[in-house]
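The tour below goes from stop to stop.

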Amino acid sequence: MKKISEQMAEMLVVPVVVLNDAKDAEPLADALVKGGLPCAEVTFRTEAAEESIRIMADKYPDMLVGAGTVLTTEQVDRAVNAGAKFIVSPGFDEEIVDYCLEKEIPIFPGIVTPSEAAKAVKRGLKVVKFFPAEQFGGVSTIKALSAPYTMLKFMPTGGVSTKNLKDYLDCDKIICCGGSWMVKGDMIKAGEFDKIAEMTKEAVALAKSIRP
């Protein structure tokens, strides 16, 4: 778990990807690698997610590929068998969290409340997702949660963009941000992978300028 979170902390931004067609997985992975972000949280919202993870993990073994929007333990198994190195759930599902911890699978569950933070701390988790970030108060809420739960670090996702990335990365309780602005669905659908690579480079440059 520590190794995965350390890699995320170095990247500062984790691209959150929705793939509707597995044929786009390899060129997208290539674009992210070229752009300087060899990482992807592939959301399990589509039929193509499992095969997309498999392709990315196979073609780019050094890439940090994980599964997001994981809602069941069965999806955990499918994602990990496909090559996912970490699991992200939108909320704090105790069954999924305990299942992953038992199997020593890195898990980053979503939280937004003190009660959920307490459950994470009780299980020894060090890093949690904060989702949906903007809708639940963004940085100010993260700072408030960090006051009693000093051992927790956060990965805010949801509404993070170039406009507010500095606000998030200026907070030392945030290890990285999940974002989709450089991997928008319409760009993937249109095959604009050069544009994705360029926007990824810009995201990396912005993040590094905020947190060198």
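This is a predicted model: local features need pLDDT of at least 70, side-chain atom pairs count only at pLDDT 80 or more; totals for chains, interfaces and linings use all residues.

Pro132 sits in the loop that runs between strand 6 (127-130) and helix 7 (138-146). Look at the peptide bond leading from Phe131 into Pro132: the bond is cis, and its omega is near -10 degrees. Most peptide bonds are trans.

Stay on Phe131. Phe131 is one of the residues nearest the centre of the largest pocket. The pocket holds about 270 Å³ of space. Colour its lining by type: 6 residues are nonpolar, 8 polar and 3 charged.

Next, select Thr46. Thr46 belongs to the loop between strand 2 and helix 3 (49-59). Is Thr46 buried or exposed? Thr46 has a relative accessible area of 16%, under the 20% cut-off, so Thr46 counts as buried. Leaving aside residues up to four places away in sequence, Thr46 touches Val18, Leu19 and Asn20.

Two backbone stops remain. Most residues other than glycine have a negative phi.

- Leu12: phi is positive, near 70 degrees. Find Leu12 in the loop between helix 1 (2-11) and strand 1 (13-17). Leu12 is buried, at 2% relative accessible area.
- Glu104: phi is positive here too, near 60 degrees. Glu104 lies in the loop between helix 5 (94-102) and strand 5 (107-111). Glu104 is exposed, with a relative accessible area of 72%.

Conventions
Residues are numbered from 1 along each chain as its sequence is written. Side-chain values use heavy atoms; hydrogens and water are left out. On a 1 Å grid over the protein atoms alone, a cavity is a set of points where a 1.4 Å probe fits but cannot get out, and a pocket is an open set with protein on both sides within 12 Å along at least five of seven lines; lining residues have an atom within 4 Å of a point. Grid points are joined across faces, edges and corners, and a volume is the space filled by probe spheres set on the points. Ala, Val, Leu, Ile, Met, Phe, Trp, Tyr, Cys and Pro count as nonpolar, Asp, Glu, Lys and Arg as charged, and the others, Gly among them, as polar. Helices (H or I, at least four residues) and strands (E, at least two) are DSSP runs, numbered from the N terminus. Buried means under 20% relative accessible area, exposed over 50%, partly exposed in between (1.4 Å probe, protein chains only). Contact means heavy atoms within 4.5 Å.
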